[in-house]
Amino acid sequence: MATQINNSTFLQATSEGLLPESVVQSSTLAEIKTAFGADHVDDGSNASLIVAVVLNRATDASSILDGSWGERQTAIQQADFWTQYGADAKIYETVKTELVKLKAEVLDTGGYISSAESRTIWVKVDNEAFQNIFGQQLHVLRDGDDKKIATVWADSLTLPDNIAGDIGGFWVDQNVAAIPVQVGGTGVVLQEGQQGTANYDYGQDKYGVTGTPMAIADYYNYPLNAKDLQTVIETPNIGLVEPQLDDATYDLLLSELNAYRTDILKIAPLTRDELLRTVDTDGKGYTESEMTLDVSIVSGAAPTSDMIFYSKLKGDATTFAATQQAIWDEVNKPVALTSSFSDMVRYAADSPFAWAYEQLMQDAALRNVTLAMSAGDGGSGQEYANGVTNGRDTHLNSWSLVVSATSLSPINTAVQDSSIATLVNNALNLDPGTLFGLAQSGLKVLPTQLPSLALMQPLAGVAALTEAIWNQYVITNGQMGLQDYSSNYSGSGGVDTTQAIPQYQIDFGLTPVNVSNGKTGRGIPDVAALGGGSMFYYVLYYLQGDPLYSANAGTSSATPMWASLTAQMDAIFHDIGLPNLGFYNDILYQAAAISPGAFNDVTLGDNISSYYIADKDTPYAIYDQALDRYIVPTGLGYQSGEGYDLTTGLGTPDGLLLTRALANIANHELYGVDAPVLSSHDTVSGTVSADQTLLVQSTLANGASVAVNGVGDQFQFGSSSSIAWDARLAEKVMQADFSPDLVRLLDGAPQAMPGSMQVAAGQSMGMSFNNSQAALYQANNTNDYGFLTWGSSGGGVTVARPVVVAETPLGQDDVNAVVRIRQNGVYDQHLTLYRVDDLSGHIGGLAPGDAGYAAAAAGRAYSVVGGGTVINGPGYGQFSQTQITDVDHGDIIAFSLTSHGQTYWGFSAGNEVVNGQPVTHLWSYGAGTFGFEDTYGGGDRDFNDLLVQLDLMSPAGSGLLV
């Protein structure tokens, strides 16, 4: 007897969404033949397929996978972990024996990983074996020249009853997809010219400004620069999904890559052992530009990482086996895998194929390997001519880090780019609103101070005015040429509705909605980096190419940039004493919530490229010169915008700030102090964890009457300036290379005047705005870090502690902490950090405002490296940093500022009283960063007169993050 497998038709395995759903579900042989444009179908007598049969886990791993990053790290260190969470060894052998009896050939060499730990049995099956195991006959589709198109089956599959319950799913290693037909969307008229924003069109010289990968890494502020990597620390191994190489091609690659490293990057060449090949198979390589791009990027961004190749095993294979090789490589143990080879395959939700791929990705998380996957270069349509938005399923899994691509515009291209003419004009005229937005996206100097960048040179230093989603599609005289929708010219993004919204996106406050069908799902991408448009990478181009070095682009460059950044961060984690990041999407999104300055916010452009093929010219059709056909654009896609969006995700990295944030979170999850603001909460309210003082801050656009439900406090907030400082800007200015001129220009924008309140342990706390109950926003991300917000990404009310609860590296005592300050006030500034007894600021029974409190605080002041207990302001617009000493794990650290003859405390009870209320002089800008207002009575309320950042993790280990 046999058990039928749901959602297992051939078209559900390969072509979901490319054809009408009724055709995909039925998958008759006639429908498949039509769908693939086959001329005829042979009897399949000589047909064969390679299939990965994936068994269930011996023990369910959902509690580990659903747990926090720290819980995952603790669990996967167990010595017998894979005995529990692989397949049961006896069941594995039983199923393998049964498959052999059914005429399958088990594959366990040459790159195929068949083991109980991986739960995978790779089998090669001919027609007889396929019928014995899966209950269907194989057929081969062929074109008019009798060339094979695909090996297929009709209808649903089955499994023998005696093994069906042990097999969770299977993967057919064949990279094919049907010819798409229109399944949705209607024709729209597109404007002439460049379709993207801030993607300057260089015309014939389309590769204009080019930076080395090392220069791009420096632009994104990677934590370890080339000097660090050569002399201070080595980064761990990185895996690359690459073509099969014979020995001659491999040696040629090594020779030409070393020429690139020494001639262009000015770094040491690699030995043969440092450029490793783990699968020894015959056959000439393919897609050389992808391979040379990958190795060039890693050479520049992580030059001391060994590179290990993991190969797709035959010409039409998927990346499944290559990914599995990296996950289970016990010898080289790569910390991250970068894959630029996305598959055409599109599998159905809840199918055995989707399950098998999901399990592979979960194994990577449990093996502590980061999977960096390119989102694809085909924009929202992803080169499928079905009229709607699409993605490449095998690269979009929630357990992988999905990377899209951007365009960086240097000043000399920006001034010529008509799509951003108004923005550039405003920027050069130093319009504060424009500069506020540009600083959010990575600008650190005045636009008038930006250098012009030379064309087609391997620039060692790059600068940009702004950043946009990469989109180089062009329409000229009603036609598309080489840069058409069926080619690689835009970063992809959107919503994968075959997956549920992952918890890390839910916690971030996201509900991604697919514009084609209104369904929700996993938002794509997670992050982005430079791909092309107005700037490109200068890399080794083709093996034996002419020229040997040239420009290249795409998500295929952004993805190894993120894998290289991950390797750098892992090296720093090792130095501190923390484990590999592994799967870190959950703490990555958390970093964006508590330290948004860790990302450059990309707000320009779209990735629209949806289309279908027209039989003849129609009112909406555009002639496609490259393929000699008409296409009909349907205008479906996604816009960039503030915060997370479906074109660039969280944004592009500020590598140093991101590493600090992730180290802070990782250390908290493994060694942290249990001190949340609320001991428990639902979606609208929670229970106060301890007696504490809280700042109350509003960013509601129009102000509001705010009631703190349960606590009983009332606040009347006015509106704030549209360019009042926020956490992202406050964190970005806490860097030495952020221009004092730009800081001063952005001075003076008022916040809504904050307040303070005292709450007690056990009280319920919620919020109402103008008598309407508000929801908590990102509470799971921020509650442990001293603040909570009611509202949304567009604004809300935040309650925040005016203190930092010290979480020292690995929970140690008597450590140093970095104190960074940026002065943006004209008065003298004198900062003191002191230890208090509780979250309400008491010192030995004295409360803020009590007689003798100032003297008690002075007696509790931390010593500053270099002498004394006071840190002086560096001057208007200037930055400085120092360290305080003898900080213990769990210390509660408070702040006071003396300026212009007045002292202002973080606890408002110690400050002056105006209109019967003590004045709040402190504003929380996320985890560990605060801003003081230094004028008596509240002044201009900009709360950036002195910015203070307390950083406990950076001095750890070798101090690489200081």
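In which loop does Arg392 lie? In this predicted model, in which local features need pLDDT of at least 70, side-chain atom pairs count only at pLDDT 80 or more, and totals for chains, interfaces and linings use all residues, Arg392 is placed in the loop between strand 16 (370-374) and strand 17 (401-409). Residues are numbered from 1 along each chain as its sequence is written, and side-chain values use heavy atoms, with hydrogens and water left out.

Helices (H or I, at least four residues) and strands (E, at least two) are DSSP runs numbered from the N terminus, and the protein chain holds 26 helices and 53 strands. The radius of gyration, taken over C-alpha atoms, is compared with a globule rule of 2.2 Å times the number of residues to the power 0.38; for 962 residues a compact globule would have a value near 30 Å, and the 29 Å of the protein chain agrees with this. The C-alpha trace spans about 95 × 65 × 60 Å along its principal axes. With buried defined as under 20% relative accessible area, exposed as over 50% and partly exposed as in between (1.4 Å probe, protein chains only), buried residues account for 63% of the 962 residues. Where contact denotes heavy atoms within 4.5 Å, 78% of the contacts between residues at least 6 apart in sequence join residues at least 24 apart.

Arg392 is buried yet has no salt bridge, and the nearest side chain of opposite charge, that of Glu383, is 4.4 Å away. A salt bridge here requires a side-chain nitrogen of Lys or Arg within 4 Å of a carboxyl oxygen of Asp or Glu, while Lys and Arg count as positive, Asp and Glu as negative, and His and the chain ends are not counted. When residues up to four places away in sequence are not counted, Arg392 touches Ser342, Asp343, Met344, Gln382, Glu383 and Tyr384.

Helix 14 (residues 320-327) is mostly covered, with 8 of its 8 residues buried; among them are Phe320, Thr323, Gln324 and Ile327.

Two further loop residues are partly exposed. Tyr827, in the loop between strand 43 (815-823) and strand 44 (830-836), has a relative accessible area of 30% and is therefore classed as partly exposed. Gly875, in the loop between strand 45 (871-872) and strand 46 (879-887), counts as partly exposed because its relative accessibility is 23%. The C-alpha atoms of Gly875 and Arg822 are separated by 8.5 Å, although these residues are 53 residues apart along the chain.
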